[in-house]
Amino acid sequence: MTLVNAGTADWFDLEGAPPPRMQAKRRKDGTLGLIVGIGMLIALLIMGLLVPMLSPYPADTSVGEPFLPPSGTFWFGTDGLGRDVFTRTFTAVYLDLGVALLGVLIPLTLGTIIGIGLAVTKSRAVNGIISTLIDAINAFPLLVLAIALIALLGPGLQSVIFALALTNWARYARLARTRAVVVNQQGYIEAAKTLGYSKSRTLFKHLVPNVSSETTAYGLSDMILVILLISGLSFLGLGAQPPTAEWGAMISEGRSQLQIAWWPVMFPGALLLWAGVAFSFIAEGISQRERDVKS
Amino acid sequence: MSANPMLSLTATNLVEIHDLVIGIQRTRKDRLLIVDSANFDIGRAEILGLVGESGSGKTMVCRSLIGTLKRRSASVFGGTVLFDGMDLTKLDEKGWKNVRGHRIGYVPQSALTGPNPVMTVGKQLAEAVRRNRKTKAPNVKKRVMELLDLVHIRRPEIVYSQYPSQLSGGMRQRVMIAAAIAQDPDIVVADEPTTGLDVTVQAGIMKLLKEIRSEFSMSVVLVSHDLALIDEVCDRIVVMHAGTCVEVGPVADVARRPMHPYTIALNRSRIDIAKPGEPLVTIKGNPPAVGDWPSGCRFNERCDWTQQDCTVGESPPLHSVGPGHLSACLHTDLLGESRG
């Protein structure tokens, strides 16, 4: 096999790769927010790791007078039971983020699989039944359904994760199904078929990555909602139970004495906000880059 | 580089399409015919142009060559597509596996969504190359580079690790052509490969297809609605109208001495030969709706030479009007004086 002499083909000069400068500029746009978001998240994770290890105070027991204002000894003050708010707030980082991660990952995986399955299945009955179920679940606000399920399961963080898995998958499934139907029409799926690739190869190497990139991006922005939902449920007394250090539960415990002491409520609230902002930066940065790739 | 050099000595035609009927089964009794019927051959190492307006069935004929009619819920109702002696209309999925990619390559219409956006160019081509059992694992990357070079992509070592979004439309289509020829097929079917591309880029893609033909003696089927674009590249042209072939012949005959009113009309409406200041010539009337064809010659409502017998009976079959030149017009003798 001889190669075509490059010298004979000067006409292709018109369509070279874009110059490196342009590529760098385009990348910068999405990356700045991504770096800020990941930086904020890492800072939070490091603090969540170091504070419980290095703090002289335990998280769950009284270490001083109740409602001591922030000072050199108690940086964030003490709460109504005399516990150190600083230690408690950062101890809650891994609990809150961990539960949120599970609360996103499980529905994300379930929903993506079910959604793609619906898009490729030939069975009208399966499609009809599951699609109706998805629409029915999506018709209710997530919080209402979650509360109803937790009422059945009994309060606790396991119930929160379970309730999220049972309800939130429908949102991912709807997204994945729509996306999979669109992707199925794209040239590369047809190309994969015409190149003689097997059905499973086309499905797993070409369809799934193009759908899961979309649901994962949605999952990242969903992290914010799920963190708020978990704190919200704990605030209502349905999630983390006292004396567990959890942001929502801490805010709930401190709210009755808000006039005397703002610190037991404000610091967990600030960290909740911090985590939310970090994830929204990451989600926005990723979807920005995603748009660049897809365009 | 034909897969079976012995056969090319004995048989002249790589593909022979006889009375091909393609349609959609809408209900148990209701069939919508899209192609009825197509008749033409594709020679070895020949570039065949397939020309026709939207709805003429040219894409459906292409799809029957690569077995993807089902994606559009269409199927073959009759006729044969003989590829190297094998009837493609009778193949099952298992049989297609050995044909698609290996023996028949396909360049899709949509250059912009052709390559998978979440895989690098190198990975995608490697996937196609690896299907060809002849290429051993250590040589895959070498072969991919060779392919990128073949389709004239500059700096292949950079493009290898780039994502499709970083490439221009022309480059993406070149990547798709590289994928289509990766397994050394006998024939490449290119369904309007230059849709949405710049005119200069179009010319480049055409030139590339021509090079591939002479380099590897692959046959190429080039589908287009643009007669001007393909008449410089093709050896022969098949003109399709309303689901049937109305004229088949060497490019010089079909483009310069057309023997069917539809081809004549197509030729007159070419933008590249329109005189400045004068209104553009169009074909009068609208193309008949798919499957709802008039009886007799399906062009009779738009033709300047319609006679009594043009409007009755079946669609007229192709007949010889010159060496290798076929026309489906019943009154080719009338066309002579007013052609020009």
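Student: Among contacts in chain A between residues at least 6 apart in sequence, what share join residues at least 24 apart?

Tutor: Keep in mind that this is a predicted model. Take the chain A contacts between residues at least 6 apart in sequence, and the part joining residues at least 24 apart is 69%.

Student: How much of chain A is buried?

Tutor: A residue counts as buried if 20 or more other C-beta atoms lie within 10 Å of its own. Of the 295 residues in chain A, the buried part is 40%.

Student: Which helix of chain A gives the largest share of the side that touches chain B?

Tutor: The contact takes 28 residues from chain A and 42 residues from chain B. On the chain A side, H6 (187-194), H7 (199-235) and H9 (263-294) each supply at least two residues. That side splits into 13 nonpolar, 10 polar and 5 charged residues. With 6 residues, the largest share comes from H6(A).

Student: Over in chain B, how many residues of helix H2 are buried?

Tutor: H2(B) covers residues 58-66 and is mostly covered. Its buried residues include Lys58(B), Arg63(B) and Ile66(B). Just after H2(B), Gly67(B) takes a positive phi of about 70°. For H2(B) itself, the buried count is 9 of 9.

Student: And which residues does Ala178(B) touch, leaving out those up to four places away in sequence?

Tutor: The largest nonpolar core has 164 residues, and Ala178(B) is among those touching the most other members, as is Leu125(B). With the sequence neighbours left out, Ala178(B) touches Leu125(B), Leu147(B), Leu148(B), Leu150(B) and Val151(B).

Technical notes:
Residues are numbered from 1 along each chain as its sequence is written. Chains are lettered from A and ligands numbered from 1 in the order in which they are written. This is a predicted model: local features need pLDDT of at least 70, side-chain atom pairs count only at pLDDT 80 or more; totals for chains, interfaces and linings use all residues. A nonpolar core is a set of buried Ala, Val, Leu, Ile, Met, Phe, Trp, Tyr and Cys residues joined through C-beta atoms within 7 Å. A residue is buried if 20 or more other C-beta atoms lie within 10 Å of its own, exposed if 12 or fewer, and partly exposed in between; C-beta atoms are placed from the backbone. Two residues are in contact if their C-beta atoms, placed from the backbone, lie within 7 Å. Helices (H or I, at least four residues) and strands (E, at least two) are DSSP runs, numbered from the N terminus. Ala, Val, Leu, Ile, Met, Phe, Trp, Tyr, Cys and Pro count as nonpolar, Asp, Glu, Lys and Arg as charged, and the others, Gly among them, as polar.
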